[in-house]
Amino acid sequence: MNKRFRYFILLLGFIVFISSSLKFNLSFNYNFVFWSAVISAVIMDWSLLYVGEFNVEFTETITVFIYLFFGVYVAVVYEFIYTLLGFLIGYITGKREFNLLRYLFNVSMFTIITFISGRFVEILRYNIKLPYITMLIFSALTFDFIFLVLNILFLTIDKSLEQNKFFSFKNYDFPILSLNLIISTTLSVVLYVIHGAIGLVGLILVFGVLIIIHYALYLYNKINFKTSLIKRLLITTEDLIRHGDLKEKCDYLLLHLKEIIPYEIASLYFFDAKNEDVSYPISYYSNCELDIGDLSISLKNGITFNIIKKGDIYISKNIKKDGKIKITGKLLDSIDAAVFVPIKINSEVRGLIFVGGKSNLVDFLSQDINDILNILSSQMSLALLNYDYMLSIKKEAETDVLTGLGNRRLFDREIQNLVKLKNRFSLVIYDIDDFKNVNDTYGHIVGDEVLKHVSGIIKRSIRKTDIPCRYGGEELVILFKDLSKEDAFVISERIRRQIEASQLFVGNKIVRVTVSGGVASFPDDGHNAKEIIEKADLILYNECKNKGKNRVCIYPGIVQS
């Protein structure tokens, strides 16, 4: 529906432009005024912050002046040429990403708005008799008012169709719009009067003054914009100290990051690239229907990770054409631009903040925001460093010596805490298939190697906030904090497949290892730790062990393999 609307506006805009061009006939002096106005407007358009829909600017001033001076048809041609040139120069200078349909839609939209505004004012002027100066001010004010109202209306319709929901008028800054209206009306009348009193030279001087003032406002807005973002970011990152474990810190950061960066999808990762094969986000937020598997990152020979591990912030304003990164599936369909902010500790990349979005993010990225992103990276590095320090203190007393996983005491404490706090979580209980046969065939030493082998794959395949433990004997368990049963299954099933595809060498022989797993979640499958464990254990044996092994199942009996 959104594309149909844009194509309709595009066609209508070109019809209006062509019909107006047929009536475009100016003398040399008037041509000079016309093209001076076009050049001045393009220069001012270049010095705009492309964040939000409206800014204090003087480009509308020139549009209103051209209408007052030449009439509606020349104003239409002017608006078409100026808007088109403005977008092209913005693309060439890197301030805007190329999007042909979007640009042509905007060009056509402003062309139509100019025509409607001008024709409406002409009808009023024909039917209302006022003194010359009063009529001049009335015409400028009415033209600019209708221009702004139609601009809001067209943009609201376009965004509502794009997002499949009503785009509220509350999203517009009406005090800024009112200020633009007053400035544009006043200055356009001044330009008209100056040209009448002094002539062409005076007009060119005023154009020059407008450009200088406009650029000064641009610099002020740019500094103010960055200062405001940095203040909000510092407040957000400082507040991280007041939030408990690493998962809570990550959730808090992504929630408040949306107030700073206009994203559609954001995810946060911590990993050990030397010892892990894949990284899942510790926390993620999405306006789209994505699961945790869609946001996983391959840490072994992945194209995208090759960019991340360099340690520099990477911005892609067009991910579909960016050969340096590889994004596929639902994620690719959901975003147009992406930002990768590595998190470093002692020069080693240990994490990542990923942000993806559409046109709003593209406009945001056109500004000089590297300072903001560097602050974000540094603050999260401190959070991770602090977490690693606290983790190392607890690790020795809570680690199973053989597997390197958490021990039963750690598991019992963590699951009881989650239930007590009523925090959502899921867990998977793995049982190594035919483990007794391994011990009987190869001996207990090989059995220990199998346990270490499987545990190593688990540690390399989970998030930093997940808790892997040795539950007892050949049973291993993973606690997935704040993860739905479906997302927990995605990770659990991938681990099962990795174990199945792996090889363990014992002398000249290859020992094949598979596991079965049962997944359950709190509070969906029980009200306490005992019930959740029993449900996971029940589904493990009823649906996995008794029906073929080497599979992962979700309680209450849905086989997933």
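The exercises below, each with a worked solution, concern a predicted model.

**Exercise 1. A threonine in helix 4**

Task: Decide whether Thr83 counts as buried or exposed, and work out which residues Thr83 touches.

Solution: First locate Thr83, which is found in helix 4, a helix that spans residues 72-92. The relative accessibility of Thr83 is 6%, and since buried means under 20%, Thr83 counts as buried. Then turn to the side chain of Thr83, where a polar atom lies 2.6 Å from the backbone oxygen of Glu79. When residues up to four places away in sequence are not counted, Thr83 touches Asn106, Val107 and Phe110.

**Exercise 2. An open sheet and the helix across it**

Task: State the order of the five strands in the open sheet, and explain why one side of strand 3 and of strand 5 is left without a neighbour in the sheet.

Solution: The five strands stand in the order 3-1-7-6-5, and their pairing is antiparallel. Strand 3 (283-286) and strand 5 (314-316) are at the edges and have a single partner strand each, so one side of each has no neighbour in the sheet. From one strand to the next, the twist averages 10°. Within the sheet, strand 1 (residues 265-270) pairs with strand 7 (residues 348-357) over six bridges in the antiparallel sense, and in this pairing Ile265 stands opposite Gly356.

**Exercise 3. A hairpin**

Task: Determine how many bridges join strand 9 to strand 10, and how many residues lie between the two strands.

Solution: Strand 9 (residues 467-472) is mostly covered, with five of its six residues buried. Five bridges join strand 9 to strand 10 (residues 475-481), and the two run antiparallel, with Pro468 opposite Ile478 of strand 10. Together the two strands form a hairpin with two residues between them, and in the turn Gly473 has a positive phi of about 55°.

**Exercise 4. Backbone angles in the loops**

Task: Locate Asn346 and Asp434, which have positive phi values without being glycine, and then examine the peptide bond from Phe522 to Pro523.

Solution: Asn346, with a phi of about 55°, is in the loop between strand 6 (337-345) and strand 7, and at 74% relative accessibility Asn346 counts as exposed. Asp434, with a phi near 55°, is in the loop between strand 8 (425-432) and helix 15 (435-442), and Asp434 is partly exposed at 37%. The peptide bond from Phe522 to Pro523 is cis, with omega near 10°, and Pro523 lies in the loop between strand 13 (515-522) and helix 18 (529-544).

Notes: Residues numbered from 1 in each chain as written. Predicted model: local features only at pLDDT ≥ 70, side-chain atom pairs only at ≥ 80, totals over all residues. Heavy atoms only, no water. Helix = DSSP H or I, 4+ residues; strand = E, 2+ residues; numbered from the N terminus. Buried < 20%, exposed > 50% of the residue type's maximum accessible area, 1.4 Å probe, protein only. Polar contact = N/O pair within 3.5 Å; in protein donor to acceptor, adjacent residues only side chain to side chain. Contact = heavy atoms within 4.5 Å. Pairing = 2+ DSSP bridges. Axes fitted to C-alpha atoms, helices over the stretch in contact; angles between N-to-C directions.
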